[in-house]
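I opened this notebook to keep track of what I looked up, one topic at a time. The entries follow the order in which I went through the model.

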Amino acid sequence: MKAVVCFSRPGANWCSGSVRNLETGNTLVVARMIAEWLGCEVHEIEALEPYPGPYKECVARAVKEMKAKTCTPIRGLGLELHDGDVLYLGYPDWCGTFPSPVRTFLSTISDIHLTLYPFCTHEGSGMGTSLDDLRELLPKATIADHIAIHGSEAATAGDVIHSWCARHEEG
Ligand SMILES: Cc1cc2nc3c(=O)[nH]c(=O)nc-3n(C[C@H](O)[C@H](O)[C@H](O)COP(=O)(O)O)c2cc1C
């Protein structure tokens, strides 16, 4: 089975030098492109306690969670993964890695032999340390090809995303 899972936060965000209000989060925009290409749906990771709308408040909480390596409580995804499955996992770069709710999700799949295609959106830090962090938290997974998209380019990244997906199908 192939599945697309992502965490994404709509609302006020830092975009190319100023704070902008995003109706749909950048990572979700990219996740939908991947899911459309694969012909599956997107499963969103959602924190039980939503992140604050104002950008600075959100950063303050994210920094606190990151320092404490918190596993923020999340809603159930309604997705069962098994050995041999392929997972496209998307997240925004928050403080140099994936947000805490993604860490929580990873703790639920750490025993599964998956092939993982990580993708992220960011404002300049790219994947940050997230690939190393994934390797540490998913020791049984094969971390395959990844892609980092600048947040402001998410909406127009269709061609880049589709050729990235097509590469995997070609082996
Ligand atoms: C709490 C927080 C921390 C962030 N930290 C970084 C960072 O360290 N490096 C970076 O390049 N972008 C950072 N960003 C910007 C996001 O990665 C970028 O806007 C991303 O596209 C947001 O994706 P989303 O709309 O799917 O949530 C941060 C944004 C937030 C809200």
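Before turning to the strands, I noted that two strands pair if DSSP finds at least two bridges between them, and that helices (H or I, at least four residues) and strands (E, at least two) are DSSP runs, numbered from the N terminus. I also noted that this is a predicted model, in which local features need pLDDT of at least 70 and side-chain atom pairs count only at pLDDT 80 or more, while totals for chains, interfaces and linings use all residues. Residues are numbered from 1 along each chain as its sequence is written.

Entry on the hairpin. I looked up S2 and S3 and found that they run antiparallel and are joined by five bridges, with Cys 15 standing opposite Ser 18 in S3. Two residues lie between the strands of this hairpin, and Ser 16, in the loop between S2 and S3, has a positive phi near 45 degrees although it is a residue other than glycine. For burial I used these cut-offs: a residue is buried if 20 or more other C-beta atoms, placed from the backbone, lie within 10 Å of its own, exposed if 12 or fewer, and partly exposed in between. Ser 16 is exposed because it has 11 other C-beta atoms within 10 Å. Strand S3 (residues 18-22) lies largely in the open, because zero of its five residues are buried.

Entry on helix H3. I checked residues 100-107 and found helix H3 mostly covered, with six of its eight residues buried; among them are Val 102, Arg 103 and Phe 105. The buried residues of H3 pack against strand S1 (2-6), H2, strand S5 (86-92) and helix H4 (130-137), where contact means C-beta atoms, placed from the backbone, within 7 Å.

Entry on Cys 95. In the loop between S5 and H3 I found Cys 95, which has a positive phi of about 55 degrees although it is not a glycine. Cys 95 counts as partly exposed because it has 16 C-beta neighbours inside 10 Å.

Entry on Glu 49. I located Glu 49 in the loop between strand S4 (42-44) and H2, and it counts as exposed because it has 11 C-beta neighbours inside 10 Å. Glu 49 and Pro 73 are 24 residues apart in sequence, yet their C-alpha atoms are 7.7 Å apart in space.

Conventions. Two residues are in contact if their C-beta atoms, placed from the backbone, lie within 7 Å.
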